[in-house]
Amino acid sequence: MGLQLPRRSARKPGLVRRMTLLAVLGATVVLLAGCSEEQTGAVKRIAMPEPVSEQGEHTLALWQGAWIAALLVGLLVWGLTIFVIVRFRRRSDDEVPVQTRYNLPLEIFYTIAPVLMVVVFFKATVTTQNAVLEKVEPDVVVDVTGQQWSWTFNYNVDEDGDGEAERYLNTVGTGNDIPTLYLPVDEVAEFRLHSPDVVHNFGVPGFIMRMDVIPGRVNSYQITPTEIGEYAGKCYELCGAYHSRMLFTVAVVSRADYEAHLAELEEAGQVTEDPLIGGESADTQVGAPESDNPEGEGK
Ligand SMILES: [Cu+2]
């Protein structure tokens, strides 16, 4: 009897590989050709908005780093999976590959590796959180009230510079009137968050920052806006029937424009001795009468 060579199925590896390569190249060219600079930026930031605050840069870096780490792990896992599928696919000789069991070093490795990954992610998260929540001497302090269903901004006026405001200039938003919060560019603004009713959440996507506004406690955070412009802000916590009306605008302006706005508020008589942070003073229901409130919510 002659020598029996193992049978091999007829394959044209060269052709298949070339076709796949062409398809991938074609798809890439089509995708890239349709990309504006804005879209390329969005891809680089992995859909995160472009940060316009110093604090937002840290969060963006964590987001990108986490994706890169996850993709590296993904590539390793996909690579090993595909390798095993191809290398140990069923052959005509029906030979079973070597079965590895109770391999202690291997088992220790795949127990420790995920724990190490979690440790790295945890460390990166805590570092970012500390950087984002770091407090310094603020240039501007605003007491923010989130009330069903709008926002009230109380700019602290501290003329003698003792850290305590003597009076407050305010803008009271209503359900029908989206209020604007003015902030001077490149200066540290501190927000103290108050709620007279339910939990809200005060955030600006452009700053890549938000925080819960909880009745009975004062949360706070600082933001240093880095670019003049108008940005959208909103309530991030489903807080009732008219939650969707809890929008506001942030106007990041020059120091001069900021002071001009405060002077306007002063002139308009929007001044109080105490901040409007609760109860009657900030509880606006304009635009949300009970008649068109099917749940009978609100007061
Ligand atoms: Cu809300």
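Helices and strands here are DSSP runs, numbered from the N terminus; a helix is H or I over at least four residues, and a strand is E over at least two. Angles run from 0 to 180 degrees between N-to-C directions, and axes are lines fitted to C-alpha atoms, for helices over the stretch in contact.

The model is predicted: local features need pLDDT of at least 70, side-chain atom pairs count only at pLDDT 80 or more, and totals for chains, interfaces and linings use all residues. Residues are numbered from 1 along each chain as its sequence is written.

The protein chain holds six helices and eleven strands. Of its 299 residues, 23% are buried. A residue is buried if 20 or more other C-beta atoms lie within 10 Å of its own, exposed if 12 or fewer, and partly exposed in between, with C-beta atoms placed from the backbone. Among contacts between residues at least 6 apart in sequence, 70% join residues at least 24 apart. Two residues are in contact if their C-beta atoms, placed from the backbone, lie within 7 Å.

Two strands pair if DSSP finds at least two bridges between them. Strand 4 runs parallel to strand 10, and five bridges join them. Strand 6 (residues 200-204) pairs with strand 7 in the antiparallel sense, also over five bridges. In that pair, Asn-201 stands opposite Asp-212 of strand 7.

Strand 4 is mostly covered, with four of its five residues buried. Thr-180 belongs to this strand. Thr-180 counts as partly exposed, because 16 other C-beta atoms lie within 10 Å. Its opposite number in strand 10 is Thr-249. Leaving aside residues up to four places away in sequence, Thr-180 touches Thr-171, Phe-248, Thr-249 and Ala-251. Thr-180 and Trp-151 are 29 residues apart in sequence, yet their C-alpha atoms are 9.2 Å apart in space.

A second open sheet has six strands in the order 8-5-1-2-3-11, and its pairing is mixed. Strand 8 (219-223) and strand 11 (271-272) stand at the edges with a single partner strand each, so one side of each has no neighbour in the sheet. Helix 5 packs on this sheet, touching strand 2 (150-157), strand 3 (167-172) and strand 11; its direction makes about 90° with that of strand 3. Strand 5 (residues 189-194) and strand 8 pair in the antiparallel sense over five bridges. Phe-191 has Tyr-221 of strand 8 as its bridge partner.

Helix 3 and helix 4 form a further element of the model. The axes of helix 3 (residues 54-87) and helix 4 come within 8 Å and cross at roughly 170°. Helix 3 is therefore roughly antiparallel to helix 4, a term for angles over 145 degrees, where under 35 counts as roughly parallel, 65 to 115 as roughly perpendicular and the rest as oblique. Helix 3 contributes Gln-55, His-58, Thr-59, Leu-62, Gly-65 and Ala-66 to the contact, and helix 4 contributes Phe-121, Ala-124, Thr-125, Thr-128, Ala-131 and Val-132.

Helix 3 has 34 residues and reaches 50 Å from its first C-alpha to its last, close to the 50 Å expected at 1.5 Å a residue. The expected span is 1.5 Å times one less than the number of residues. Helix 3 is hardly covered, with three buried residues among its 34. These are Gln-55, Gly-56 and His-58. Their cover includes helix 4, strand 7 and strand 8. Helix 4 (residues 104-132) has 29 residues and should span 42 Å; its end C-alpha atoms are 42 Å apart, in agreement. The number of its residues that are buried is one, so helix 4 lies largely in the open.

Tyr-102 is not a glycine but has a positive phi of about 50°. Tyr-102 sits in the loop between helix 3 and helix 4, and is exposed, with 6 C-beta neighbours inside 10 Å. Ile-208 also has a positive phi, near 50°. Ile-208 lies in the loop between strand 6 and strand 7, and is buried, with 24 C-beta neighbours inside 10 Å. The peptide bond from Gln-148 to Trp-149 is cis, with omega near 0°. Trp-149 is in the loop between strand 1 (140-147) and strand 2.
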